[in-house]
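The report below is meant to be read beside the sequence and the coordinates. It begins with the chains, then turns to the sheet, the cores and the contact between the chains.

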Amino acid sequence: MSDIEERVIILAPYGADSVQTASLLRESGFQTVIARDEPELCALAREGAGVLLVAEEAFPHGPTSGTVDLLQSQPSWSDLPIIIVTTGGDLTQASLRAVSAFGESANLALIERPFRALTLIRAVQAAMRARRRQYQVRGMMDGLEDLVRDRTKRLEATIAELEAFSYTVSHDLRAPLRAMQGYSHYLIEEYAHRLDDQGRLFLERIRSASARLDSLVQDILTFSRFSKSDVQISPLDPEPLIRQVLESYSELHPANAEIVVRPPFLRVKGHEAFLTQCISNVLTNAVKFVAPGTRPRVEIWNEPIDGSVRVYFRDNGVGIDPSHQQRIFRIFERGPEAENYDGTGIGLAIVHKAVERMGGKVGLESQPGRGSTFWIELQSA
Amino acid sequence: MTTLRPILLVEDNPDDVFFMKRAIAAAQIPNPLHIVTDGQQAIDYLERIGSAGSGSSPLPILVLLDLKLPKRNGLEVLQWVRKRPHLRRVVVIMLTTSREDGDISSAYETGCNSFLVKPASPPQLAEVMRAVKSFWLELNVFPES
C-alpha cells in the first residue's frame, strides 16, 4: 500500500484548528494533509485516504452529495473511517444532520469537544487499524482475482485446444476413412466378380467397419458441437419436429414400424436443431432395440408437469435393466441389452447433453422385456 | 456449338480428386473438369482468365473449393476471388468435410454461393453431384459473363 493511503485528511473551517490537530497527529507518527473545503476533501480522499478527520462546523448543513457519493461509491473492500469532532454536550443539529446524511452505512465515529490529545490520537489509531485491515482484504481479493483470471485463462486455453482437436478430427481423421469407404465401394462394384465368396465377405467387412468408424467420428463431433455451441432458446412446437423426423428416417416409416403420435402437443422452450436431434436419437433407438421378429411400435404423447412439458416415447423394445438406466446417458456407455445391436454408444449422451443445454431433463422408465418409456422434459413456453 | 465452360475443382487430396471425378462422371456432368491441388494454383488459374495469349484460362462455370488447402486455404482463395471485379460473379461452392459453425459462417460472409459437406460414400457423393448438376448447371440462371 502506498503512503497516500495511510494519510489522515483533516477538514476544519478554522485554519488554526486544522494546523494544531495536524501537528498533534504528526507528532504521533501520522501523515496528515489539510483540505480547505469539502470538495477538496473529496478530491484528496479519492486519491487515497486512511482516515477522514472532520470538524462538525465543516458541515453546517450536513455533508453535501459529493461526500455522500464518495462514501457510497467505495469498492466492496473499503469502508473509509470518518471521525467527526463535535462541539460537545448534546448532539447539535449539524452533528445530527451529518450522522443522518451519511446514513447507517458510513463508518462514523464522534469525538466530543473538549477532548484530550490522547483521546484523539487513540481514535485515529483505532480508525487507521481498521483501515489497514481493509487494505489487507483488498490484497486478498486482488490475489483471488488474479487466481481466477489465471485459471480462466488456462481453462480457455484447454477449451481452445479441444476445439482444435475436434476440428482436426473432423478433417484429418475422416479423410482416410472416406478413402477406405470409397475404394472398397469401387472394389466391390468393379472387381467383386474376380473374387470368391470369402474375398467378397472380407471386402464387405472392410466397408462396413469403415462406415461404422465414420459414424462414430460423426457422433463424437455432434456431441462436441452440442457441448460448446451457444444455445438460443425459443418457443417451439414439438409436433412438426416429430413429424419431420418420422419422415426423414426410413426405419420410422409405416413399412418398418408403427409410430402413434398423440397430439395435441404443448409448446416448449428449446432449440430446434437440438430438439430435432433428441427426437431422432430417441426414436431411432426405440425402433432399433426390439427383439428379433418384433414389429417396432412407438407411442408419442406429452403431459404438463409443474411449468414444464414432458414428451414421452413408449416402445415395445427389449427394455433396460434399472441398474443400467443412469449409465446409458453417459458417452460410450451401452447397456448389456444393446450388445447385439449396432451403435456407437453416443446417441443418448447427445440427447442428455442437448436437453441439458436447453435447460431440461431426460429420463426413462423401463423393465427388461417390457419395453421402455423415454421422456424429455422442457420448460413450457 | 459453344464450348462448355469448365468446372474448377480445388482439392489437394488425391483420393478426393479420384472420387470427385467418379461422382461427376456418375452424375453425367458434361462440362470439362479442371483440377488444381492448392490455393495458390487456384489463384494462378483464376488470374489468367481473360489474359491474352495461349496461357489464358477459360472462365469456370463453377468453382468447387475445399476449405483446407496447402499454401492458400479455401477462405483466402474465396477472399481473393471476391475482390477481383471480373471474378466477383463466379459461382463458388465450398465442398469440405467441415461442419464447424465458424467455417460455415465465415465462408458465407466471404461470399460463397453454397456450402456442401462431402459425404462419406461414393453413392452419396454421386447424389450430391447430381443435385449440383440439376441446380447449378440446369436450373440456375447465370449473369452475362
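Predicted model: local features only at pLDDT ≥ 70, side-chain atom pairs only at ≥ 80, totals over all residues.

Residues are numbered from 1 along each chain as its sequence is written, and chains are lettered from A and ligands numbered from 1 in the order in which they are written.

**The two chains**

Helices (H or I, at least four residues) and strands (E, at least two) are DSSP runs numbered from the N terminus. A residue is buried if 20 or more other C-beta atoms lie within 10 Å of its own, exposed if 12 or fewer, and partly exposed in between, with C-beta atoms placed from the backbone. Two residues are in contact if their C-beta atoms, placed in that way, lie within 7 Å.

Among contacts in chain A between residues at least 6 apart in sequence, 73% join residues at least 24 apart; in chain B, residues 24 or more positions apart account for 69% of the contacts with a separation of 6 or more.

**The sheet of chain B**

Along its sequence, chain B follows the pattern β-α-β-α-β-α-β-α-β-α. Its 5 strands form an open sheet with parallel pairing in the order E2-E1-E3-E4-E5, where two strands pair if DSSP finds at least two bridges between them. Strand E2 (33-36) and strand E5 (114-117) of chain B are the edge strands, each pairing on one side only. Within this sheet, strand E3 (residues 62-65) of chain B is joined by 3 bridges to strand E4 (residues 92-96) of chain B, the two running parallel, and B:Leu65 stands opposite B:Met94 in E4(B). E4(B) is largely enclosed by the rest of the structure, because 4 of its 5 residues are buried.

**The nonpolar cores**

A nonpolar core is a set of buried Ala, Val, Leu, Ile, Met, Phe, Trp, Tyr and Cys residues joined through C-beta atoms within 7 Å. The largest has 40 residues, and those with the most contacts inside it include A:Cys278, A:Val282, A:Val298 and A:Val351. H8(A) gives the most to this core, with 8 residues, and the core draws at least three residues from each of domain 2 (147-228) and domain 3 (234-379) of chain A, the domain bounds coming from an automatic or database domain assignment. Leaving aside its neighbours within four places in sequence, A:Val282 is in contact with A:Phe313, A:Val351 and A:Phe374. Apart from this core lies another, of 30 residues, among them B:Leu46, B:Leu78, B:Cys112 and B:Met129.

**Where the chains touch**

The contact takes 14 residues from chain A and 13 residues from chain B. On the side of chain A that touches chain B, the elements that give two or more residues are helix H5 (117-191) and H6 of chain A, and H5(A) gives the most, with 11 residues.
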